Every structure is written in C-alpha cells, then in structure tokens.
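Here are a few notes to go with the structure, for someone opening it up for the first time.

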Amino acid sequence: MEQDEKTAEKFSSRCLQPAVETYIRLSLVPEVVDEMMSGNDSVDFSTRMFFQYSVLKDLLSKDKFCLFIEYTSSYEKFIRGWIQEKIEEHFSDGTKLLELEDKYLKQCIRCIEYGIQKAHVNKEATQKEFVQDICKELGNKLVMSQDALSTCMALLKEATAEKFANSLKKSVKEMEKALQKKQKETGFKAKLDGLGSKVLNNLTVKLGGCGEKCPFCSAPCEAGAVAHKVHRVEIHRPEGLGGYRSASMKLITSICTSSVSTDMRFSNRDTKGLWHPYKEFKTFYKNWEISADKSYTTSDYWKYVMVKFNEDFAEFYDAEPANIPTEWRTISKEDADKSLKEAFGVI
Ligand SMILES: [Zn+2]
Ligand SMILES: [Zn+2]
C-alpha cells in the first residue's frame, strides 16, 4: 500500500469513523423515543395517561404482590424497568434499529463525499489544506477527535492532494461497508445499551410524571411532564397501600380525599410519629393539593388489589391487615379491569 493510501485509510478509520458512529448513536436517541411514543404497539406509550393505563393493566393481568408492591413503593424504579422491558421487546427483531442506523450512515457518507468533492475544487491545495477544508465542511455535523486529527495531519505531505483525494474516496467507501457489516452483526441489546440512559430518562420523564407520590396513598402525581408547583392525583387509592394504619396498627382502607374531610389524624416519619390532623396536611405537604370529598370512594381496581393482597401489604408494612368492607370482597378481577377501563376512558 502506498503512503497516500495508508494515510487516507488512517484518516478515514481514526477520524471519520468514530465521528460517524457517534453521530448515528446521537441521532438514534430521539428516533427510539419517537418510535416508542408513536403508539404502533401493543403497549400504548403515546400519552402519559395511556401509559399509566398500560402499566396498571399489565399489573392486573400478572396479579402478583411482588409487582404491585414494587409499583407502589418504588414507583420510579418500577416504571424504568417496565419501560426498558418494553423498549427491548419493541426492538428485539433488530430490523427497525438497522433501518435507522442505515439511514443515518447514508446521510453521513453523503456529507463526507460532498465535503471531499467541495475541497477537491481547489486543485492547487496541498494534502493538509485539503483535509482542513473537509473538516471545515463537516464541522457542524461530525465531531472528530482532535488528538486523532493532529496525528493524521502530521502524516500529510505538502504535495497536491490529487492522489490522496482518490485514496480517501476509496477509504470512505470501505468504511461504509465495514460499518454496515458491524451494524448487521451487532445485536439489538448491545445497540440499545450503546445509546446510554438518555432514551430511558427521556421516556421516564415524559410518561412517569414528576416522580412525586401522594403522601398518603402513594399514587404518582398526575400533574404532567411540564414543570408544576402543585402536585395532584385524580384517583386516590386506599391509604393502606401506602402503609397507613390506624392507632391499632391496622392498615386503613379509607382514601385520601375523604380522610382530609374528616377529623381523623395521621402519623408517619414526617410527623416524627406524632398524630397530626389530615385536614392540616399542608403543614407537612404544602405542595400537594388533595381536595376534601367525602362522596368519593376508590376504584374497584384498587379495592380488588387491597382485598387480594391485604395480608401481604400488612406484612410488608409491618402492620395488621385492614378491616375490609364486606362489599369489596365480591369485586372480581373482571370488575377491576372494567373499572380501570372506565377510569381511563378505554372502551
Ligand atoms: Zn392519595
Ligand atoms: Zn407533580
């Protein structure tokens, strides 16, 4: 191999290739997020509400305490794991990722070829000037390592760039082929891992909400992804699901909206174990809005969960099982599913 060919190959593999790979990776992040949120899947990620519905529906179909408790006690961790699983399921056949990678690879190659062509207009340019012109042209799109670039620059000669330009065109073609091969051979999991935590962070923020939980029932705040000062929940749950108990250590079945309309008191870590009136919950939770409403009871979904896992929740929270209202016991899994659909307006 001639010196020019060697240098061209080096410039292509050490400067251009890593920059192309980074560009493809960065471009894939929003594509994967969009793809997940497009709604063309069994699980609907298109809005925060549909997402919440999908999670709760999945929990009900699996009907396992270990999943419900992880969801209620470590909401953010749970949904991160859940979203990750769905991303992997969605991209597991590899075709979509390959298609996206190829789209951005072709885009980069077109840009590089255009850069070479443009730099080559100046027939008098030395090799060094030629490469500098290419770098200037690609600067906005491809970020090359300055170290690798100066190593390559040192190898360039004062001679005109004619032969070098032809060698570089060949090297770029070879690089394209090598990258296509690499893309075909790399598994979908390694590709998703290669995108880092950006996709997951992005989807968790968009779909999971602000991460705050109702101080009593642990339901996640539903105020949306936009920054907000006041947290709120539409459908509160039996407080026992958040570990609340009566003075006799029994988990309680009442829900937050009705508790704050009574003279009942609560105690927890924030009150340092002292009993504090629900009505004055703002003393401890000033950013929460829980409107007093006696008429409202929780959904059949959460009643079903509370009945089914009463003993498990009690054990987990080191409390006594709740006194379950008799009529709750007749609620079936189908009733729970129906109430979930109604709550989210799904037909
Ligand atoms: Zn609540
Ligand atoms: Zn919030």
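1. Start with the zinc ion (ligand 2). Its four donor atoms subtend angles of 102 to 118°, so the arrangement is tetrahedral; the cut-off for that label is that all angles lie between 85 and 135 degrees. Bear in mind that this is a predicted model.

2. Which residues hold this ion? The zinc ion (ligand 2) is coordinated by Cys210 through SG, Cys221 through SG, His228 through NE2 and His231 through ND1, at 2.1 to 2.2 Å. If you want to find these donors in the sequence, look for the spacing C-x10-C-x6-H-x2-H. Cys210 and His228 link distant parts of the chain: both sit in the loop between helix H10 (198–208) and helix H11 (256–259), 18 residues apart.

3. The buried class is kept for values under 20%.

4. Cys217 is in the loop between H10 and H11, while Cys256 is in helix H11, so to speak a link between distant parts of the chain, 39 residues apart. How accessible is Cys217? Its relative accessibility is 0%, so Cys217 counts as buried. Cys256 is buried too, with a relative accessible area of 0%.

5. Last, have a look at how two helices meet. Two packed helices are described by the angle between their axes and the distance between the axes. For helix H2 (residues 48–62) and H10, the axes come within 8 Å and cross at roughly 95°. H2 and H10 are therefore roughly perpendicular to each other, as angles of 65 to 115 degrees are classed that way.

6. Which residues make that contact? On the H2 side they are Arg48, Phe51 and Gln52, and these meet Lys206, Leu207 and Gly208 in H10. By type, the residues of this contact divide into two nonpolar, two polar and two charged.

Methods. Residues are numbered from 1 along each chain as its sequence is written. Chains are lettered from A and ligands numbered from 1 in the order in which they are written. This is a predicted model: local features need pLDDT of at least 70, side-chain atom pairs count only at pLDDT 80 or more; totals for chains, interfaces and linings use all residues. Side-chain values use heavy atoms; hydrogens and water are left out. Donors are N, O and S atoms within 2.8 Å of the metal (3.2 Å for Na, K and Ca); water is not among the atoms, so sites may look incomplete. Four donors count as tetrahedral if all angles lie between 85 and 135 degrees; four count as square planar and six as octahedral if opposite donors are over 155 degrees apart and all others between 65 and 115; anything else is irregular. Helices (H or I, at least four residues) and strands (E, at least two) are DSSP runs, numbered from the N terminus. Buried means under 20% relative accessible area, exposed over 50%, partly exposed in between (1.4 Å probe, protein chains only). Axes are lines fitted to C-alpha atoms, for helices over the stretch in contact, and angles run from 0 to 180 degrees between N-to-C directions. Angles under 35 degrees count as roughly parallel, over 145 as roughly antiparallel, 65 to 115 as roughly perpendicular and the rest as oblique. Contact means heavy atoms within 4.5 Å. Ala, Val, Leu, Ile, Met, Phe, Trp, Tyr, Cys and Pro count as nonpolar, Asp, Glu, Lys and Arg as charged, and the others, Gly among them, as polar.
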